[in-house]
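The entries follow the order in which I looked things up.

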Amino acid sequence: MKRPSLSLLRRALITLAAFAIIAPAMFSDAPLVAQEEAVEEQAAEETAVASEDLFKVPEGDANTLQAYVKKLADTSPPENETDDQKFEFSVKALNALVTATDRLLAAKPNETQTMDGHNFRIQALQALLAMDQADVREKLDKAMKAARADKNEDVVSIGWQSFIIDRTGRWTELDPNDKQAFQDEIIAKLKAGDPQIMDASIVQFAAMRLDGIDDEFLIKLLKDAEPLLAKSEDKDMQAALAEANLDGMLRRLQLPGNEIEISGELLSGGEVDWKSYRGKVVLVDFWATWCGPCRQEVPNILAMYEAYHDKGFDVLGVSLDETPEAAKKYKAEMKLPWDSLFPTSEDERGWSNPLARHYGIGGIPTAILVDKDGKVVNMNARDRVLREELQRLLGDPVEKPAVEKAEAETETKKAVEAS
């Protein structure tokens, strides 16, 4: 049985009963051990009474119920209890919280109280589900659906966020019908009226959660959602869509098996001639000097470059640095033999890099491997994957003369240490 640390029940004591009986005991003539046992027994009894009172949900109005809900959410199991006792305490507290929020939402709450009611109810049910409690799944689904149907936009946002996290968090467990129902729910929301900024956020959040998990499903979702969102002529909505860059993400997701379009200015100067790379296996590496994982991967890329360059392997970086000086300094320090794209316009640097925007790059390193025909064969060609792909595409690495091989190994070791 799971015993998660419940962030919902924040760490705070619910009673000072234990402290209240310690001071009198200090002046007793009884042996110390007997005093400690008496203190523990009395503390346990008073804590149990306090707990039972805490779990008794009031029948009052919205103000009374809101106060009770907040008090309950600010409690945690007593520190002196065993793990099993703390687990039991948490289950009782969460169930009481569900009952209290049910009553709060039925008691004509104001906007703030409505927000608290939906928020705490969903969190409590999520925690109970994580603790393997029976008959929670249906209650949680109903709670999230009720939040999504509320008139308060903030409550609707909570409902959609929790719904998307819940479904995508157990995506591999869902059957095809459940996955289709998830998409149908989102598309129905988009069709319910004029596209809103929240609609764009819903699609973007779902896409971020599923990116790299189920690209085939995500492509279909974006293809169905984009035309519905694009109907809006509202400037704020158009700005939100541009920021979400769903079309860029869709373009990237459809790269495998297709040609990648590369253009832009080089760090060394001039425009890249992408056609000149045809006939080579090329790693298009989106990176930045401030990216730790990017720096960690550089020694591996250097080693593969050394081993396979003479057989037709090349690298083209796409730097997301803010200044050319940073990228050039790192290139010189690491003795990188390949060039990188780097815009001369300051407005197109960092995450605004045109190529990064064109393909909806939301995280780096993104290492895209392209075959001799210019078609993408791998979207995550890093570490062992890069080595295996190069072996598959180009065969065994070139054997170097003993002296040259020793020098290459020394340079690679220096690069590892430097990174």
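Entry 1, second largest cavity. I looked up which element gives most to the lining here: the largest share, 3 residues, comes from α13. Helices (H or I, at least four residues) and strands (E, at least two) are DSSP runs, numbered from the N terminus. I take a cavity as a set of points, on a 1 Å grid over the protein atoms alone, where a 1.4 Å probe fits but cannot get out, and lining residues as those with an atom within 4 Å of a point. The model is predicted: local features need pLDDT of at least 70, side-chain atom pairs count only at pLDDT 80 or more, and totals for chains, interfaces and linings use all residues. Residues are numbered from 1 along each chain as its sequence is written, and side-chain values use heavy atoms, with hydrogens and water left out.

I listed the lining of the second largest cavity as Asp285, Cys294, Glu297, Ile301, Pro365, Ala367 and Arg382. By class this lining has 4 nonpolar, no polar and 3 charged residues; Ala, Val, Leu, Ile, Met, Phe, Trp, Tyr, Cys and Pro count as nonpolar, Asp, Glu, Lys and Arg as charged, and the others, Gly among them, as polar. The volume is about 30 Å³, a volume being the space filled by probe spheres set on the points, which are joined across faces, edges and corners.

Entry 2, largest cavity. I noted 2 cavities of 30 Å³ or more in the structure; the largest holds about 50 Å³ of space. Asp285, Trp287, Cys294, Val298, Leu336, Trp338 and Ser340 line the largest cavity. I found that β1 (281-287) and α13 (292-308) each supply at least two residues of this lining. Its classes are 5 nonpolar, 1 polar and 1 charged.

Which residues of α6 are buried? I found Leu140, Ala143, Met144, Ala147 and Arg148, where buried means under 20% relative accessible area and exposed over 50% (1.4 Å probe, protein chains only). They lie on the same side of α6, because they cover an arc of only 135° around the axis, the arc being that of the directions from the helix axis to the C-beta atoms. On the other side of α6, I recorded Glu138, Lys142 and Lys145 as exposed. The cover over the buried residues of α6 includes α5 (111-130), α7 (153-169) and α8 (176-191).

I recorded 17 helices and 5 strands in the protein chain. Buried residues make up 44% of its 419 residues.

Terms used. On a 1 Å grid over the protein atoms alone, a cavity is a set of points where a 1.4 Å probe fits but cannot get out, and a pocket is an open set with protein on both sides within 12 Å along at least five of seven lines; lining residues have an atom within 4 Å of a point. Contact means heavy atoms within 4.5 Å.
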